[in-house]
Amino acid sequence: MLEVEGIHTYYGLSHILFGVTLKVERGEIVCLLGRNGAGKTTTLKSIMGLTPPKQGSIRFKGEEISGMEPYLLARKGIGYVPDDRRIFADLTVGENLEIAARQLKEEQGWSKEKVYEIFPALRDIEHRKGGCLSGGEQKMLAIARALMGNPDLLLLDEPTEGLAPVLVHALEEKIKKLKEAGLTVLLAEQNVRSALRLSDHGYIIDNGQIRYQGSIEELKENEEVRKKYLLV
Ligand SMILES: Nc1ncnc2c1ncn2[C@@H]1O[C@H](COP(=O)(O)OP(=O)(O)OP(=O)(O)O)[C@@H](O)[C@H]1O
Ligand SMILES: [Mg+2]
């Protein structure tokens, strides 16, 4: 589904990503773990075309997409949920979803009703303004809104950040349901425990470089590498 190979990304003159390589197979949840400032967000933004890499290749469903505009990538089937969520404060929950809808030729695909089946709590607050939602509700809405674009691949930037433990578990269940619904997920996380519960494969990024990759079982057992790069 996604193959990132040797990308180098800069903010102005600051060199941030140094040859990042990772792969996400169709139907998998893959996590990208790393501490504050490790380069997780920059990696997702590089994939989404928001900070195009200067070097390296990004392939999505076999097609080279490096340097393409974000709106084109959204049309091709990449959904992006940024860490700051960007919910429209003056629009209701329902309107926030409707504005993101992307009509497909076929009947299948996500509709507001289908999204509410996964996030029933959003139906209950359908008429509430985005600006009046709790942090947890905003996180759910941000993911739900991305679904309305009918993505095949979902890029999630720290979906559990700032949530109480009980909400973290609830959100994990939702993400598992997305996988069951056929989505592929690349998850950037600092919350190692949560990511280990959810993912099939894991990568660790540190100082803009991938330091580890492996199955989740390997990562669970490898305390040394977790201590070194993640402090857990
Ligand atoms: N807009 C920017 N301009 C310049 N440098 C930036 C910018 N955004 C991030 N950086 C730097 O790039 C590096 C990687 O940041 P990035 O946001 O990708 O890390 P992260 O792993 O997502 O961290 P966090 O867990 O805090 O979200 C950091 O050193 C950060 O200071
Ligand atoms: Mg980040």
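Modeller: Let's start with β4 and β5 (residues 63–64), which pair in the antiparallel sense over two bridges. Strands here are DSSP E runs of at least two residues, helices are H or I runs of at least four, and both are numbered from the N terminus; two strands pair if DSSP finds at least two bridges between them. This is a predicted model, so local features need pLDDT of at least 70 and side-chain atom pairs count only at pLDDT 80 or more, while totals for chains, interfaces and linings use all residues. Residues are numbered from 1 along each chain as its sequence is written, and chains are lettered from A and ligands numbered from 1 in the order in which they are written.

Back to our two strands. Arg 59 stands opposite Glu 64 in β5, and Phe 60 has Glu 63 of β5 as its bridge partner. Together β4 and β5 make a hairpin with two residues between them. Look at Lys 61 in that turn: its phi is positive, about 50°.

Now follow β4 to another partner. Strand β4 (residues 55–60) also pairs with strand β1 (residues 2–11), again in the antiparallel sense, this time over five bridges.

How enclosed is α1? Eight of its eight residues are buried, so α1 is largely enclosed by the rest of the structure; buried means 20 or more other C-beta atoms within 10 Å of the residue's own. Among them are Lys 40, Leu 44 and Ile 47. After α1 comes Gly 49, with a positive phi near 80°.

Finally, find ligand 1. The residues around ligand 1 include Tyr 11, Ser 14, Ile 16, Lys 40, Thr 41, Thr 42 and Gln 190 (C-beta atom, placed from the backbone, within 6 Å). β2 (14–24) and α1 (40–47) are the elements giving two or more residues to this shell, and α1 gives the most, with three.

Note on methods. Buried ≥ 20, exposed ≤ 12 C-beta atoms within 10 Å, placed from the backbone.
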